[in-house]
Amino acid sequence: MAVNPRRIAAILLGLVLVLGVGIGIVSSVRDSLAPAPVTVSGYIGSEKAAFFADARVVAALKRGGFIVKVRTAGSREIATKDFTGIDFAFPAGAPAAEKIRREHPGTQSVVPFYTPMAIATWAPIVDLLTAAGVVSQTNGGYLALDVEAFMALVAKDTRWRDLPANTTYPVNKSVLITSTDVRTSNSAAMYLAILSYVANGRNVVETDPDGAKVLQAIAPLFLRQGYVESSSAGPFDDYLVQGMGKAPMVMIYEAQYLAQAAKGDGSITPQMRLVYPAPTILSKHTLVSLTPHGAELGSFLANDPELRSLALEYGFRTSDTAGFKAFLAAHSLSAPDTLIDVIDPPTYERLEAMIIALEQIYATGPAASPSPTP
Amino acid sequence: MSPVNGARRVAALVASLVVAGSLLGACGGGTPDAANTLDVMAGSEIKDLEPLLPDLEAATGVHLNMTYIGTLEGAEKIAGGAAADAAWFSHGKYLSLLPGAGSRIVTSQRIMLSPVVLGVRKSVADRLGWSNNPNVTWKDVQAKAADGSFTFAMTNPAASNSGLTALIGVASALSGSSDALDAGKIDTAALRAFFKGQALTAGSSGWLADAYVRAQGTVDGIINYESVLLSLNAGGKLAEPLVLVYPNEGIVTADYPMMLLNAAKRDAWTKVADWLRTPDVQKRLMATTSRRPAVPGVALDARFPSQTLIELPYPARLETIDALITAYLDEARKPASAVFVLDLSASMDGDRITSLKDALSALTGTDTSLTGRFSRFRAREDVTIITFSSTVLDERDFTIDDTNPDGSDMTAIRDYVGSLTTHQTTGIYSALDRAYATVADKQAADPSRLYSIVLMTDGLNNDGISPEDFAAAYGARSDAVRRVAVFPILFGEADSKAMQAIADLTGGRLFDAKSNALGDIFKQIRGYQ
């Protein structure tokens, strides 16, 4: 079921080009007439907040005739917002965008950028998990975490200190990947998509019975984390600020890590490692336009060369693969051109059914725990 | 090209006119600008940021209108729909899990960090081998607390975030799994052994630090925010410094989120949160409040240990936290002996005695609000009510075996309180002296409880012994009895200076029921019992 990422890229590029020509004409006409910029309001995933706050982005958008007002929220939360007075929604994942489009017939969407899911971790953790046969160096020149082997470790209730020859992180906590709240956030939903694919015998969950069947294996990977943050900025902040003691492994967007590294402010230390889950999934940042102004903004974001190169600086991948390589080279970073093992998320309904089931478990607690009342 | 330039010039002109207009608007009014004022409901632990607020306002143009409130009380108010633009406590997690409150959090940014850790008197840390020892565990602390060789101060988890945070960490560590707790994994026996060492409690982290300073000769350590412990070490009031212990199983860190509640104030909130998270402000917060930066790229200064701090997970469910607090109060903590000294002089007639009866009755489990549930009398608690006017009128003992609000134990208190009637003059100090005599007897019979005295009076002393006689009698009592504090409640025409003097003499804290409802004050005081 793995989809060739080159094919995805090619399709994306095609789409962008077709849209691009038309919009290019529109925007140059608009530029020369230069009316007062229109104010465009939208909900975005928190992972794009810094991009939209960047003065260069603000200026580029203004050049295109837009003053963009954004509000951040988790992607699933965005999908359920009241869009009165809102021109666009820009969640991090295709399923949330799909839901918004479904509920707002006639809307359009565009994918100006995308980023694969990745795991922010640490050199000692990589060594431990390599020894345990969970992490390995791939032919593509990057580190990959075998999700199936990882899930087997979790199923055995493995503690970090149980791993062979562990002197570097002898901690009693469970081997787990920190995610966001699967009930509110796209990055956790993407993690769920990966886990469900593996638990379903390497098949995208296509029926609710399949979803229900794999849930027993998946639920502990979320529930045992305890309290989780509602959006993706939180756990990555923990990783950067509180370090390995709080966040030995965090499910993030590749873009978060690359952008942080590109800042060159020393917050990415030599001990930090980026590992890709195998399989991984692409988080497609999908702009759903709810008004004509929103649609114009979407096209401009996808096609304006300056905005595309600014998006690269935020670690996002765009249709401009050469630009992505140049960005990595300019900051002495390495990231795979091509990820070998990339899957598709389930449809919105299947994903939503699994999230609702998890929500139910969160609400009632693990089955056999009597809870005294205060 | 020229039309473009022309258009840009027009746009620039329009922009500058807009700017000029808004400047005029800002200068002309002089009235507070509602859009740039944030009403913030804040935890008392954030009060130390006050000196920063003028600079915040100068830099952002946003005025913060701070209202300080206890965590649980704040959570209850927010869940109840109280108007506030933002909330700012040491933790947002309990709030976000609370039905009706979590949904009000529009967005949130953490501002600073402070783990809840253990501070141990240097000589004690040396004796126990805990100085410069990164391998000390909560289990080690539990063992020394259980065998009587280590005592500590900690706030009441039902009243204060530092206590709750510590309880979550300790319970998670003692459960053996270090996983996120669920209610079924709470090891009450292990917690009971741990809390055998708790010699001092309080309803607020700041007050606990003051109480520790007073008791430093007799209490071996204090569990509190790292920032409070570092400030104590820098404060010059300790005979010996505290050795900070970061137990090996892990700790739980407070992250001081500023939470937006009113979506209409998003712009002002964003300015404030962004400013607070700038590297310079983060450095200043670290220097002046001893809290850790919450943003990447700001290095810790030399006061903070460089070791990896293992963070224990926070429970995912409110029910787990509530079960944990209940287990602490009903089973794990040292049982409380609460002495209430109540003024029944003639001036208490009418509304006053009615509100007193209501306030006390509410503690018998009939108040089902969030704060009510956590301030009620608990299992194993010993409640003594001493009533007085010119002399002591009566003294009654109640023991809570059955926590059911309709059971015989709670009903007995309610019936008794309901029967109280007023009498003549006011003999405050004779009644207090009697309370200490009672505490002395009880403590001799059972030293394993935490004792406290609440004094509720609405008038001036005009009968019985003098304040000086009382002070002399108090001074002559044993060390252990003198460590029992009086928490006076200011009510009616009570003399605030005289009441403050009683609090100061005995190490208690004055509560003001002149400007607060008596019922709320009784609930707050429960945090100190």
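Visitor: Over residues 10-31 of chain B, how many contacts beyond four places in sequence does the model have?

Guide: This is a predicted model, in which local features need pLDDT of at least 70 and side-chain atom pairs count only at pLDDT 80 or more, while totals for chains, interfaces and linings use all residues; side-chain values use heavy atoms, without hydrogens and water. Residues are numbered from 1 along each chain as its sequence is written, with chains lettered from A and ligands numbered from 1 in the order in which they are written. Where pLDDT (the predictor's confidence in each residue, from 0 to 100) is low, the predicted coordinates should not be read in detail. Residues 10-31 of chain B stay under 50 and have zero such contacts (heavy atoms within 4.5 Å). Residues 1-7 of chain B are also under 50, with four such contacts. Chain B has a mean pLDDT of 90.

Visitor: Which residues touch the most other members of the largest nonpolar core?

Guide: In soluble globular proteins, nonpolar side chains tend to be buried together. A nonpolar core is a set of buried Ala, Val, Leu, Ile, Met, Phe, Trp, Tyr and Cys residues joined through side-chain atoms within 4.5 Å; buried means under 20% relative accessible area, exposed over 50%, partly exposed in between (1.4 Å probe, protein chains only). The largest core has 151 residues, and those touching the most other members are B:L64, B:W88, B:Y94, B:W130, B:L191, B:F340 and B:F522. Beyond four places in sequence, the residues that B:F522 touches include B:F340, B:M456 and B:I489. A separate core of 84 residues includes A:Y142 and A:F236.
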